[in-house]
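Please look at the sequence and the structure below before reading on.

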Amino acid sequence: CVGKSLEIGTTGSVQQEVLANIIAELIGERTGTTVKVVPFKSSDEAHAALLKADIDMYVEYTGVGQTVILQAQPLADAAELYKAVKDRYNEELNLIWLKPFGFDAAQSLGVTLPAEAAPVVRKDTLKKFPALARLINKLGGKIDQQTISSLVKEASTGQPKQVAHGFLKNDRLI
């Protein structure tokens, strides 16, 4: 991975900035890959960039993926929703949903269906970086509601990269 580069999209909220930087720091520290965080105005913009291969991954929310991106019926069961979104993205879009971080962002997004945050990665990116899915999946289930609230509060001072680094160090992921 050394000498290669990846781009991670973010949709501009502090929560998105923190999560993108956690992934970027983890990849950079553990693999030597150069990782750039690229801001977008919305999930639609980030998703379009992902499809065009302008970025390699971004963090999406299951409810947004299901209703906004896939234009599908909302599902109330979080596990069912994750499986439905994961399967359709894989089959129809050549995109892979990795493990959810472990919190539901429905409240912060103002939606009434489950909204688990998880990295969405291009299949061709995972082919180029075979160890990437396993590395990023180490974050699966590691960030609960209390943790994300605390990280967002800390990062709202404008230091998402430092907050991300501190989280990874504290959790002994780097």
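The model is predicted: local features need pLDDT of at least 70, side-chain atom pairs count only at pLDDT 80 or more, and totals for chains, interfaces and linings use all residues. Residues are numbered from 1 along each chain as its sequence is written, and side-chain values use heavy atoms, with hydrogens and water left out.

Reader: Which residue in S5 stands opposite Met57?

Author: Strand S3 (residues 57-61) and strand S5 (residues 117-122) run antiparallel, joined by 5 bridges. In S5, the residue opposite Met57 is Val121.

Reader: Which residues form the aromatic cluster?

Author: Rings of Phe, Tyr and Trp (its six-membered ring) pair if their centres lie within 6.5 Å, and planes under 30 degrees apart count as stacked, over 60 as edge-to-face and the rest as tilted. Tyr82 and Trp97 are edge-to-face at 6.4 Å and 85°, while Tyr89 and Trp97 are edge-to-face at 5.3 Å and 85°. The cluster is formed by Tyr82, Tyr89 and Trp97.

Reader: Why does Trp97 count as buried?

Author: Buried means under 20% relative accessible area, exposed over 50%, and partly exposed in between (1.4 Å probe, protein chains only). Trp97 counts as buried because its relative accessibility is 1%.

Note on methods
Pairing = 2+ DSSP bridges. Helix = DSSP H or I, 4+ residues; strand = E, 2+ residues; numbered from the N terminus.
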